[in-house]
Amino acid sequence: MLHLVWLKRDLRLYDHAALTAAISAVHQQGGRLALLYVIEPGVWSQPDSSLRQWQFVRESLLDLQQQLAQNSALWSVAGNMPDVLSALLQQLEPQGQSFTLYSHEETGNLFSYRRDQAVRQWCRKHQITWHEYAQNGVRRASRSRPHSRDDWAAHWAAFMEQAQHAMPLLSECPWLPCPLPDALPVTALPTNLGYDQTPCPGRQPGGRSAALALLSSFLHSRGRFYRGSLGSPLTAEHHASRLSPYLAWGCLSVREVLQAVRAAQQQAPDTRWRNSLAAFESRLWWHCHFIQKLEDEPLQEQQPLHPAWAGVRQFNAAWYAAWANGQTGWPLADACMKYLQHYGWLNFRMRAMLMSLASYPLWLPWQQPALHLARWFTDYEPGIHYPQVQMQSGTTGINPPRMYNPTLQAQKQDPQGVFIRRWLPQLAQVPDSWIHQPWGMSQRLQAQCGVTIGRDYPAPLVDFEQATRLAREHIRQLRQQPQYFSNAADIGHQHGSRKRRAAASSRRRTINPDQLRLF
Ligand SMILES: Cc1cc2nc3c(=O)[nH]c(=O)nc-3n(C[C@H](O)[C@H](O)[C@H](O)COP(=O)(O)OP(=O)(O)OC[C@H]3O[C@@H](n4cnc5c(N)ncnc54)[C@H](O)[C@@H]3O)c2cc1C
């Protein structure tokens, strides 16, 4: 019997529930072990995939290969997962052999959701057992345990307190060399997969070794200034943990990071440091809280959570292209888009601002902007991404709309225009007093600074005040639909965090309409 561990978004060996279970089955039942990574053309041709994500995954696999003992078996095979499994069974059956499949549960995009359904069907048809394990605080509903958010926080806390799975003694495992003729050594993996091929010269390197170094630098030095540094793209670059791609692709487990943070908190030399680490810990709770939303409603990738929002906004190809290429005329937004293109990462507040600008003043449907950001995020995590996108574009019905004013944000987060000038060199000579609103400069001043607005740098696509007034009016009308607030109450009941206990008790009956009118 072969015990086959299918690696997906869990590119590590440590704290790996599926690997631990497979090894324990080998010890108890006998048989051999292998790790499988499938390069699925379906995954890498999805419009949310990109070269930068693939490069990160490829580096993570190379790093993982280095951690394996010499004789161990990491198979990498290209193909659709059910076809790969069929080919494997064909090789094993003539020798009277079969296999058991082990993996983590994945809350991925709709493609991976349907792929997993196909794999489940395939396993049933061929009488192959597939064991799946949770890898974070997300809870999968089943017939015996229907979805409920009521005791979710307790479930999350219990999962995070469990002991981590130890690093297995790999040299003692009986590995099975790959019997599939078209398997590739990890060193020969393709180099250029992904739908979007935009280069990303500042991308974070993939792999657990890089992840551990980053975690250590965060816990022991950078993390001290975490709190208070997250809003500005200038400070967040250094003091945010930057662990997101390593969590998204599973080079680190959320549990190991959380337990490391708690240990560091015990030793933190001062209150500032302790508070920063506590703030960081709360983000790890959000991580799972958001992924749970997509787990419970996979169609969120395509449809608004609140049905009243379906088909409300109009696509404007020229405005979308300007937004996606950093040509909106709002300097901080454009600088952020250039920065994201270069680094594959952006701090939370600026992600929220970009999404909000697409959704309110530009009134674009969220789906295209969501795909654009997904492709450019090396840390693309569907379970965080789509619920965040829907939250920032107001389509959940349960979050008050946040219309980030790009000029006010720029004045606050980049008061001297250091970030703006770095990413928009055509504005390098613009004085501080105009750097956040260069369209207001006189012709003479423009000539003095060597920039012509409308030629070297665009004027804003729309007047922000006017456009957001219109957006508010659209929203006001939507909320007059008879079912609007009762639908919102149901959504709150299904996806709400239950963090505010007092509000939670009445949530089933109604959501306070005033809360939704706060903007
Ligand atoms: C429109 C939009 C899309 C987003 N898409 C993604 C995505 O695809 N992948 C992704 O990892 N994050 C996403 N985020 C959340 C957040 O912006 C990033 O997690 C964060 O900027 C990553 O940087 P960091 O690791 O330094 O974060 P830190 O502040 O150091 O946080 C540590 C970890 O906590 C989690 N986390 C932090 N903030 C949030 C949050 N607001 N919601 C949920 N989890 C959070 C992440 O796993 C993060 O790595 C999105 C936010 C917005 C507004």
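Trainee: Is strand β1, residues 2–7, largely enclosed or open?
Mentor: This is a predicted model, so keep that in mind. Five of the six residues of β1 are buried, so the strand is largely enclosed by the rest of the structure.

Trainee: How many bridges join β1 to β2?
Mentor: Six bridges join β1 to β2, residues 32–39, and the two strands run parallel.

Trainee: Is β4 largely enclosed or open?
Mentor: Largely enclosed by the rest of the structure, because five of the six residues of β4 are buried.

Trainee: What does β4 pair with besides β1?
Mentor: β4 pairs with β5 in the parallel sense, over four bridges. Leu101 has Trp130 as its bridge partner in β5. The unit made by β4, α5 and β5 is a right-handed β-α-β unit.

Trainee: Zoom out. What is the strand order of the sheet?
Mentor: The order is β3-β2-β1-β4-β5. It is an open sheet of five strands with parallel pairing.

Trainee: Which strands stand at the edges?
Mentor: β3 (74–78) and β5 (130–133) do. Each has a single partner strand, so one side of each is left without a neighbour in the sheet.

Trainee: What does the twist average from one strand to the next?
Mentor: The twist averages 25 degrees.

Trainee: Okay, new topic: the ligand. How many residues surround the ligand?
Mentor: 27 residues surround the ligand. The closest are Ala240, Ser241, Ser244, Arg283 and His385.

Trainee: Which elements give two or more residues to that shell?
Mentor: Helices α9 (244–248), α11 (271–296), α14 (348–359) and α16 (382–392). The largest share is from α11, with six residues.

Trainee: What's the shell like by class?
Mentor: The shell has 15 nonpolar residues, seven polar and five charged.

Trainee: And where does the ligand lie relative to domain 2 and domain 3?
Mentor: Between them, because domain 2 (208–296) and domain 3 (307–517) both give residues to the shell around the ligand.

Trainee: Back to α11. Is Leu277 buried or exposed?
Mentor: Leu277 lies in α11. The residue is buried, with 23 other C-beta atoms within 10 Å. The C-alpha atoms of Leu277 and Phe225 are separated by 9.4 Å. Along the chain, Leu277 and Phe225 are 52 residues apart.

Trainee: Let's do backbone angles. What phi does Gln127 have?
Mentor: Gln127 has a positive phi of about 55 degrees, although it is not a glycine. Gln127 is found in the loop between α5 (110–125) and β5.

Trainee: Is Gln127 buried or exposed?
Mentor: Exposed: Gln127 has 7 other C-beta atoms within 10 Å.

Trainee: And Trp363, what's its phi?
Mentor: Trp363 also has a positive phi of about 55 degrees, and it is not a glycine either. Look for Trp363 in the loop between α14 and α15 (367–376).

Trainee: Is Trp363 buried or exposed?
Mentor: Trp363 is buried, with 20 other C-beta atoms within 10 Å. The cut-off for buried is 20 or more.

Trainee: Last one. Where is the place of Met403?
Mentor: Met403 is in the loop between α16 and α17 (406–413). With 18 C-beta neighbours inside 10 Å, Met403 counts as partly exposed.

Trainee: How many residues along the chain separate Met403 and Met353?
Mentor: They are 50 residues apart along the chain, with 7.8 Å between their C-alpha atoms.

How values were computed
Residues numbered from 1 in each chain as written. Predicted model: local features only at pLDDT ≥ 70, side-chain atom pairs only at ≥ 80, totals over all residues. Buried ≥ 20, exposed ≤ 12 C-beta atoms within 10 Å, placed from the backbone. Pairing = 2+ DSSP bridges. Axes fitted to C-alpha atoms, helices over the stretch in contact; angles between N-to-C directions. Near = placed C-beta within 6 Å. Nonpolar A, V, L, I, M, F, W, Y, C, P; charged D, E, K, R; others polar. Domains from an automatic or database assignment. Right-handed = clockwise from strand over helix to strand, strands pointing away.
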